[in-house]
Amino acid sequence: MNIINFFNELKHLWKMQTSAKYREQETLEKGKQLWEKLDWKLPKAEGVTSKDRVRLKMFKKMVEELPQSDRVALRTWLASQTKYWHENFSEHATPREEEIQRKQWQIYSQHLEVVMMWM
């Protein structure tokens, strides 16, 4: 079993050195895992700046403690989510769907601003 792990790690390192797409996918996956880990420890996000102040302060303290590579991964994932929710905003959505989309975009963009303070 150790030999299989060795070759899997070797393959991973080789792909990280030679494939930009693989590096991007790995960074996004790492960022998503970090987001889920941090989000779980925080109060529920409201998607309204005035209501999320306490959450954002707590998030800022958590980000301070992260190594630079984790901050980069988190920034990359939050930027991708912000872009997704901004670009995929449906023109023919119901008011309820628009509210959900706006809320998601607001949550990710607020947290991205906090992460960008450390870049």
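Me: Which residues is His 111 in contact with, leaving aside its neighbours within four places in sequence?
Reply: In this predicted model, His 111 is in contact with Trp 35, Arg 55, Leu 56, Phe 59 and Leu 78, once its neighbours within four places in sequence are left aside.

Me: Where is His 111 placed, and what joins its side chain to that of Arg 55?
Reply: His 111 lies in helix α5, which covers residues 95–116. Its side chain is joined to the side chain of Arg 55 by a polar contact of 3.0 Å.

Me: Is His 111 buried or exposed?
Reply: His 111 is buried, because its relative accessible area is 0%.

Me: Trp 35 was in that list. Where is Trp 35 found, and why does it count as buried?
Reply: Trp 35 is found in helix α2. It counts as buried because its relative accessibility is 7%, and the cut-off for buried is under 20%.

Me: What does Trp 35 touch, not counting residues up to four places away in sequence?
Reply: With those residues not counted, Trp 35 touches Arg 55, Phe 59, Leu 74, Trp 77, Leu 78, Ile 107, Tyr 108 and His 111.

Me: Turning to aromatics, how many aromatic pairs does a search of the whole structure find?
Reply: The search finds six aromatic pairs. One of them is formed by Trp 35 and Phe 59, and this pair is edge-to-face, with 6.0 Å centre to centre and 70 degrees between the planes.

Me: Which parts of the chain does that pair link?
Reply: The pair links distant parts of the chain: Trp 35 belongs to helix α2 (residues 20–41) and Phe 59 to helix α3 (residues 53–64), and the two are 24 residues apart. Both Trp 35 and Phe 59 are buried.

Me: Which residues do ring pairs link into a cluster?
Reply: The cluster consists of Trp 35, Phe 59, Trp 77 and Tyr 108, linked by ring pairs.

Me: And the largest nonpolar core: which residues touch the most other members?
Reply: That core has 19 residues, and those touching the most other members are Trp 35, Leu 38, Phe 59, Leu 74, Leu 78 and Val 115. The elements giving two or more residues to this core are α2, α3, α4 (68–87) and α5. The largest share, five residues, comes from α5.

Me: Where is Leu 78, and is it buried or exposed?
Reply: Leu 78 is placed in helix α4. It is buried, since its relative accessible area is 0%. Not counting residues up to four places away in sequence, Leu 78 touches Trp 35, Phe 59, Tyr 108, His 111, Leu 112 and Val 115.

Me: What separates the C-alpha atoms of Leu 78 and Trp 35?
Reply: The C-alpha atoms of Leu 78 and Trp 35 are separated by 8.2 Å, although the residues are 43 residues apart along the chain.

Me: On to the helices themselves. How many residues does α5 have, and which of them are buried?
Reply: Helix α5 has 22 residues and reaches 31 Å from its first C-alpha to its last, close to the 32 Å expected at 1.5 Å a residue. Its buried residues are Gln 101, Gln 106, Ile 107, Tyr 108, Ser 109, Gln 110, His 111, Leu 112, Val 114 and Val 115. They pack against α2, α3 and α4.

Me: Which residues of α2 are buried, and what covers them?
Reply: In α2 the buried residues are Tyr 22, Gly 31, Leu 34, Trp 35 and Leu 38. What covers them includes α1 (2–18), α3, α4 and α5.

Me: Finally, the whole chain. How many helices and strands does it have?
Reply: The protein chain has five helices and zero strands. Its radius of gyration is 17 Å, well over the 14 Å that the globule rule gives for 119 residues, so the chain is more spread out than a compact globule. Along its principal axes the C-alpha trace spans about 55 × 35 × 25 Å.

Me: What percentage of the residues is buried?
Reply: Buried residues make up 29% of the 119 residues in the protein chain.

Notes:
Residues numbered from 1 in each chain as written. Predicted model: local features only at pLDDT ≥ 70, side-chain atom pairs only at ≥ 80, totals over all residues. Heavy atoms only, no water. Phe/Tyr/Trp six-rings, centres within 6.5 Å; stacked < 30°, edge-to-face > 60°. Helix = DSSP H or I, 4+ residues; strand = E, 2+ residues; numbered from the N terminus. Buried < 20%, exposed > 50% of the residue type's maximum accessible area, 1.4 Å probe, protein only. Polar contact = N/O pair within 3.5 Å; in protein donor to acceptor, adjacent residues only side chain to side chain. Contact = heavy atoms within 4.5 Å. Core = buried A, V, L, I, M, F, W, Y, C linked by side-chain atoms within 4.5 Å. Rg over C-alpha atoms; globule rule 2.2 N^0.38 Å. Expected span 1.5 Å × (residues − 1).
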